[in-house]
Amino acid sequence: MPELPEVETIRRQLLPLLAGRTVVRAWLLPEAPRLPAHPPDAAAFVSLLEGRRLLSVERRGKYLLFPLNDGNVWVVHLRMTGALVHSAAGATEDRFVRARFHLDDGSLLLYRDVRKLGRMWVVGDPQQVVGKLGPEPLCEGLTAEALRSALTRRRAPVKALLLDQRLVAGLGNIYADEALHEAGLSPLRPGGSLSPAEVERLRQAIVRVLEGATGHGGTSFFAYVDARGQRGRHQLHVRVYRRQGQPCPRCGTAVARTRVGGRSTHYCPACQL
DNA sequence: CTTATTCCCTGATTGC
DNA sequence: TGCAATCAGGGAATAA
């Protein structure tokens, strides 16, 4: 489940490997059910990439953006089980590889996605895809004022609001739970009930959690691997996610699990108020 | 406008 | 041992 730290880890690894490279040949799973892509026709999609040079690797929220030398932008979202693994020709292939990108240095970028929930686009303006995303937490875009306006007068649980990419870009289920624990706030609190001091605590917790996880190369509870095919290490450092029944690292109370907004939610019932 | 629910997709896990 | 039901969750779509 790549969230911001996982996608940022992949971006940093891919940048030196892909910048300046030309896509000499591309292949996209052609048979149904297909990998969702835009344009939807696999041949048309491939033709927009072949022969183009990748100028850089950028990230917006959980989206990877690859600006092309013809002005278009290749956009990838890994969703739940997507992975972009770069390796020399002869890389590990299995039945879950859904797309291949051969580069002009002989290397190969494999797109692997067990559940085929990931998506790709080639668009003239990336705003078509990422235009509605909220502020970036790690680029000083997420100010206290921005977070306050996202939560104010909202009755939905703050956990559900943190998962809404239009309010804050990049948080998923793991880091929403972790940030709320770090801030000492219950995931069940209505968004609008947070005081200005609590909003600021939450903002700082979001930044700290995302920076910490990025420093650990992301979290690998499930299938996540980085661009080198390696697992992240942050699952060794989580405080509440998937730790129900185990002691809260802050107060020792057993971590609870419930459902918020249809998502499993983990929190300490004693010190998250 | 808001909030809640369903769907996509398949391997791993759980229940009987 | 086998098979079916459930779970994992990001985001779009739909319903209320």
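Me: How many residues does helix α7 have, and what is its reach from its first C-alpha to its last?
Reply: In this predicted model, helix α7 covers residues 196–215. At 1.5 Å a residue a span of 28 Å would be expected, and the helix comes close to that value. Helix α7 has 20 residues and reaches 29 Å.

Me: Which residue takes a positive phi just after α7?
Reply: The helix itself is made of residues 196–215, and the positive phi is found just after it. The angle is about 75°, and the residue that takes it is G217.

Me: How many residues surround DNA strand C, and which are the closest?
Reply: By class, the surface near DNA strand C has six nonpolar, five polar and seven charged residues. Two strands, β10 (256–260) and β11 (263–267), each supply at least two residues of this surface. In total 18 residues surround DNA strand C, and the closest are H77, L117, Y241, R257 and R263.

Me: What percentage of the atoms of DNA strand C within 4 Å of the protein belong to sugar or phosphate?
Reply: The phosphates of DNA strand C are approached by side chains, among them that of K62, with an N or O atom 3.2 Å from a phosphate oxygen, and that of Q165, with a polar atom 3.4 Å from a phosphate oxygen. Bases also lie within 4 Å of the protein, and they account for the rest of the atoms once sugar and phosphate are set aside. The share belonging to sugar or phosphate is 54%.

Me: Which residue places a backbone N or O atom 2.7 Å from a phosphate oxygen of DNA strand B?
Reply: DNA strand B is surrounded by P33, R95, F96, V114, R115, K116, L117, R154, R155 and A156, and by class this surface has five nonpolar, no polar and five charged residues. Of the atoms of DNA strand B within 4 Å of the protein, 75% belong to sugar or phosphate. Side chains supply some of the phosphate contacts, with R95 placing a polar atom 3.2 Å from a phosphate oxygen and K116 placing an N or O atom at 3.2 Å. The residue that uses a backbone atom, at 2.7 Å, is R155.

Me: Why does the salt bridge between R52 and D70 tie together parts that are apart in sequence, and how many residues apart are they?
Reply: The side chains of R52 and D70 meet at 2.9 Å, N to O. R52 lies in the loop between α2 (42–47) and β3 (58–60), whereas D70 lies in the loop between β4 (63–67) and β5 (73–77), so the pair joins parts whose separation in sequence is 18 residues.

Me: Which residues are linked in a network of salt bridges?
Reply: A search of the whole structure finds 17 salt bridges, one of them between R100 and E93, with the closest N and O atoms 2.8 Å apart. The network links E8, R11, R12, R59, R60 and E136.

Me: Which residue has its backbone nitrogen 2.9 Å from a polar atom of the side chain of H77?
Reply: H77 lies in strand β5 and is buried, with a relative accessible area of 10%. Leaving aside neighbours within four places in sequence, H77 is in contact with K62, Y63, Y111, G118, R119 and W121. The backbone nitrogen at 2.9 Å belongs to R79.

Notes. Residues are numbered from 1 along each chain as its sequence is written. Chains are lettered from A and ligands numbered from 1 in the order in which they are written. This is a predicted model: local features need pLDDT of at least 70, side-chain atom pairs count only at pLDDT 80 or more; totals for chains, interfaces and linings use all residues. Side-chain values use heavy atoms; hydrogens and water are left out. A residue is near a molecule or strand if one of its heavy atoms lies within 4 Å of it. A polar contact is a pair of N or O atoms within 3.5 Å; within protein, one must be able to donate a hydrogen and the other to accept it, and residues adjacent in sequence count only if both atoms are side-chain atoms. Helices (H or I, at least four residues) and strands (E, at least two) are DSSP runs, numbered from the N terminus. Ala, Val, Leu, Ile, Met, Phe, Trp, Tyr, Cys and Pro count as nonpolar, Asp, Glu, Lys and Arg as charged, and the others, Gly among them, as polar. The expected span of a helix is 1.5 Å times one less than its number of residues. A salt bridge is a side-chain nitrogen of Lys or Arg within 4 Å of a carboxyl oxygen of Asp or Glu. Buried means under 20% relative accessible area, exposed over 50%, partly exposed in between (1.4 Å probe, protein chains only). Contact means heavy atoms within 4.5 Å.
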